[in-house]
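Notebook open, model on screen. I am jotting down what I look up, in the order I get to it.

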Amino acid sequence: MNFAIRDDDVSYWTNPSDLESVYSGIWEKGFVVSFSVIPFAVKAVFSGEKDKFYQEENEKPIGENKELVKYLKDKISEGAASITLHGYSHQYKFSAGRRYPLFYPTLENLKKHLNGTGRGKMTCYGEYKWKPYEQLRSETMKGEKYLEDIFGKKISVFVPPGNAISGDGLRPVSECGLNLSGTMRIIKFNREIDFYSLKNWTLKLFWRLLYHRVYPYVMNYGDHRELCAYDLINRKTIDELKSEFLFCFKKNAPFVLAVHHWELLKNPPLLETFKEFLEFVFTFKDVSFKDLNSLYGG
Ligand SMILES: [Zn+2]
């Protein structure tokens, strides 16, 4: 069985010492971490805190954080890490409801749009949900090429910001030759209708009905492939995580654990769960630690 760790949200704004403090002990055990990198990220403040979160608007290229780039390149050359593409700027848009306009969640805009309604009522849209196709096409191409130039590695996997992607958002991703890693809990059909999409949707539905699980193998969509990931966020317990893992182990399906280093650092109990889970995985002799890119087959 193949096992990969996916860490989202590495960007210009990431401090290498944060990655080191989460992963140094994990790398010692031979795990590989696949970093989902935002090529031109806007700054996010109070990530994960609904009542305080906002973003600034200036986009910063990851290449300007020389210390981080060197750190990642060293880890890649040691075989301890790999890189995937995580959107372009990771810029969200918010809305106070269906009939209200979308806006950037800057501090100023939030003040203007809140009007006493409270942030709990806000709907949040990831960039591959709100940006138009033409913009996503040019930005996906630019972001992919930029990361390949900086890290000297071919980019082959795309991780949608906020795990959210529309049918229009998926088109540029597959046109750029990228496979998709998602959490894909939703069974909603949002693909163009063809032989592959119908087959995969049926498989997903079948596994949901039969096992109450997501379809755990790589799905071939003709022009790209997709594989689900299992996230460790919010209040997921160690038992839920172990049960998802054991199911995949029994079915000899790959297991991709998706985390955010910043969230693990903010939330010590979550970091404990993460470490305890990896200790558990480490006890299985038939589990190989892989880079996420390698799980999609030829
Ligand atoms: Zn993200």
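Which residue lies over the face of Phe282? I find Lys29 there, at 4.6 Å from the ring centre. My rule for a charge over a ring is NZ of Lys or CZ of Arg within 6 Å of the ring centre and within 35 degrees of the ring normal. Lys242 also goes on the page: its charged end sits over the ring of Phe280, 4.8 Å from the centre.

Ground rules before I go on. I am reading a predicted model, where local features need pLDDT of at least 70, side-chain atom pairs count only at pLDDT 80 or more, and totals for chains, interfaces and linings use all residues. Residues are numbered from 1 along each chain as its sequence is written, and side-chain values use heavy atoms, with hydrogens and water left out.

**Aromatics**

I pair rings of Phe, Tyr and Trp (its six-membered ring) if their centres lie within 6.5 Å; planes under 30 degrees apart count as stacked, over 60 as edge-to-face and the rest as tilted. By this rule I get 38 aromatic pairs. Tyr23 and Trp27 have ring centres 5.6 Å apart and planes at 45°, so I log the pair as tilted. They are four residues apart in helix H1 (residues 16–28), which puts about one helical turn between them. Helices here are DSSP runs of H or I with at least four residues, strands are runs of E with at least two, and both are numbered from the N terminus.

Tyr23 and Trp27 are both buried; I use buried for under 20% relative accessible area, exposed for over 50% and partly exposed for in between (1.4 Å probe, protein chains only). Trp27 also pairs with Tyr71: the centres are 6.4 Å apart and the planes at 55°, so that pair is tilted. Trp27 belongs to H1 and Tyr71 to helix H2 (residues 66–77), so the pair ties together parts 44 residues apart in sequence. For relative accessibility I have 11% at Trp27, which counts as buried, and 14% at Tyr71, which counts as buried.

I also find one aromatic cluster whose members include Phe3, Phe31, Tyr230, Phe280 and Phe282.

**Zinc site**

What coordinates the zinc ion? Asp9 (OD), His86 (NE2) and His90 (NE2) do, at 2.0 to 2.1 Å. I count N, O and S atoms within 2.8 Å of the metal as donors (3.2 Å for Na, K and Ca); water is not among the atoms, so sites may look incomplete. Along the chain the donors follow the spacing D-x76-H-x3-H. Both histidines, His86 and His90, are buried, and His90 has 9% relative accessibility. I place His90 in the loop between strand E7 (81–85) and strand E8 (93–95). His90 has a positive phi, about 60°, although it is not a glycine.

Asn163 sits in the loop between strand E10 (157–158) and helix H6 (167–175), and I mark it partly exposed, with a relative accessible area of 31%.

**Helix H5**

I take the expected span of a helix as 1.5 Å times one less than its number of residues. H5 has 19 residues and reaches 27 Å between its end C-alpha atoms, close to the 27 Å expected. Its buried residues include Tyr133, Leu136, Glu144, Leu147 and Phe151. Seen down the axis, the buried residues of H5 fall within an arc of 165°, so they line one face; I take the arc from the directions from the helix axis to the C-beta atoms. On the other side Glu134, Lys145 and Asp149 are exposed.

I stopped at Glu144, which is in H5 (residues 133–151) and buried at 9% relative accessibility. Leaving out residues up to four places away in sequence, Glu144 touches Leu85, Lys154, Ile155, Cys176 and Leu178 (contact: heavy atoms within 4.5 Å). After H5 comes Gly152, with a positive phi near 65°.

**Helix H7**

Which residues of H7 are buried? I list Ser197, Asn200, Lys204 and Trp207. They fall within an arc of 100° seen down the axis of H7, so they line one face. They pack against strand E12 (219–220) and helix H8 (238–251). Phe195 and Leu209, on the other side of H7, are exposed.
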